Amino acid sequence: MTHDDTDRKPTMTMTQERTTSFDPARLARLDKHLARYVDDGQMVGWHLAITRHGELQHDSMYGLRDREAGLPVESDTIWRIASMTKPIVSVAALTLWEEGVFELTDPISKWIPAFEDVRVYTKGPAAAMVTVPAIEPIRVWHLFTHTSGITAGWMHNSIVDEAYRNAGYEFGAPEHAKSIADCVEDWARLPLLFQPGSAWGYGNSHEVLGRLVEIWSGQRLDEALRSRVLDPLGMNDTVWWCDESRVSRLAALYMPDGQGGATRLPAWESVEEPAILAGGGGLLSTTSDYIRFMQMMLNEGELDGVRILAPATMRLMTSNHLRGDLEELSTGGFAETFLEGVGFGLGVAVLIDPLASHSVANKGEYYWGGIFGTAFWCDPVQDLSCVFMTQLMPASAYPVRPQLRQLVYSALIG
């Protein structure tokens, strides 16, 4: 398989700082399985890290971060983490909740008046939608849990999604929208997909939550995340775009070419400062940075003597806030998770019934992923975390996420 112009065969880089919890032969089997995606040309490169009891147990990488330039995946490679931004924004918002700035049950119209009289779609085409008033307001917890009824143009799943696209919102924004504040004002004028709190639907809820973080903190979202989460945790390479000092470490983005291979996707080069800071999916990060974020969560809000959230707040964040699972409540369409036996907390999916999910993971596991192929999970029962980085859109092109769980837990012996 040719990976670049020099036909250089990729090599596996692996370190194991401790092997008391995992069978080394089974970890090697895991790496070999993931390497096959690269060897077959479906992926270009990846980085995997597993921790347990606060110790790095497995750290492996394979393939290239930039096939055209012939650059390998390295420990400091920078990846677009897309929706793995959401848990970081959620933590930043909860630091403000701990300060008493808002209640989870507050209507968001308290700070964004455009949401005072929202309406809900009932029938009709996008050009002539029939709507009714919302029975109750969108509350802050609805944003955290994707139960607000706010959808997105990239969903391609409903008439309301079409209305977003007609307004200029799919993966980008119309010319007049110069900031996330402008986008949020536009979305408030579009109907909701469902009555707030009545269903679960993926969309732009966290973009609106990010805007609230700006209002509550009096800072731009990048500044609020930096001061409240990223700097205290030492996540120095978690950024909104790659400047000149970082751009050489940025992984290229690919998509399936329809013939079993991958083709470069230049639409998200991430080398210019974005005008719109999207709290639902705008960050870039490294594997080591995200390990620090996961370990803070597993430590119930603390890392290296720095406390971000109280233990009670972390338990609130990682508990199911829905009346049922996503299989019952989801409106369908794209989501970064399977649905059976899965609930949702304040910014993360929560496993509530492993058997319903046909999963070997433990009840209480929380996780999320990104559309460009990245994924993470934290298992408080085993005190285990896993993060996987690659750059392939869409993430659902191959069943890597369920296979990761199978292979990681199959290697766990301690």
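Visitor: What volume does the largest cavity have?
Guide: The largest cavity has a volume of about 80 Å³. Here a cavity is a set of points, on a 1 Å grid over the protein atoms alone, where a 1.4 Å probe fits but cannot get out. Grid points are joined across faces, edges and corners, and the volume is the space filled by probe spheres set on the points. This is a predicted model, in which local features need pLDDT of at least 70 and side-chain atom pairs pLDDT 80 or more, while totals for chains, interfaces and linings use all residues. Residues are numbered from 1 along each chain as its sequence is written, and side-chain values use heavy atoms, with hydrogens and water left out.

Visitor: How many cavities are there of 30 Å³ or more?
Guide: The count is four.

Visitor: And which residues line the largest cavity?
Guide: The lining, meaning residues with an atom within 4 Å of a point, consists of Met43, Gly373, Phe388, Thr390, Leu392, Pro394, Ala395, Ala397, Tyr398, Val400 and Arg401. By class, eight of these are nonpolar, two polar and one charged. In this scheme Ala, Val, Leu, Ile, Met, Phe, Trp, Tyr, Cys and Pro are nonpolar, Asp, Glu, Lys and Arg are charged, and the others, Gly among them, are polar.

Visitor: Changing topic: how many disulfides are there?
Guide: There are zero disulfides, a disulfide being a pair of cysteine sulfur atoms within 2.5 Å.

Visitor: Is Cys386 buried or exposed?
Guide: Cys386 is buried, at 1% relative accessibility; buried means under 20% relative accessible area, exposed over 50%, and partly exposed in between, with a 1.4 Å probe and protein chains only. Cys183 is also buried, at 3%.

Visitor: On to helix H7: where does it bend?
Guide: H7 bends by about 45° at Ser227, the bend being the angle between axes fitted to the seven residues ending there and the seven starting there. Helix H7 covers residues 221-233; helices (H or I, at least four residues) and strands (E, at least two) are DSSP runs, numbered from the N terminus.

Visitor: Which residues of H7 are buried?
Guide: They are Leu221, Asp222, Ala224, Leu225, Arg228, Val229, Leu230 and Leu233.

Visitor: What about Arg80?
Guide: Arg80 is found in strand E5 and is buried, at 3% relative accessibility.

Note on methods
On a 1 Å grid over the protein atoms alone, a cavity is a set of points where a 1.4 Å probe fits but cannot get out, and a pocket is an open set with protein on both sides within 12 Å along at least five of seven lines; lining residues have an atom within 4 Å of a point. The expected span of a helix is 1.5 Å times one less than its number of residues.
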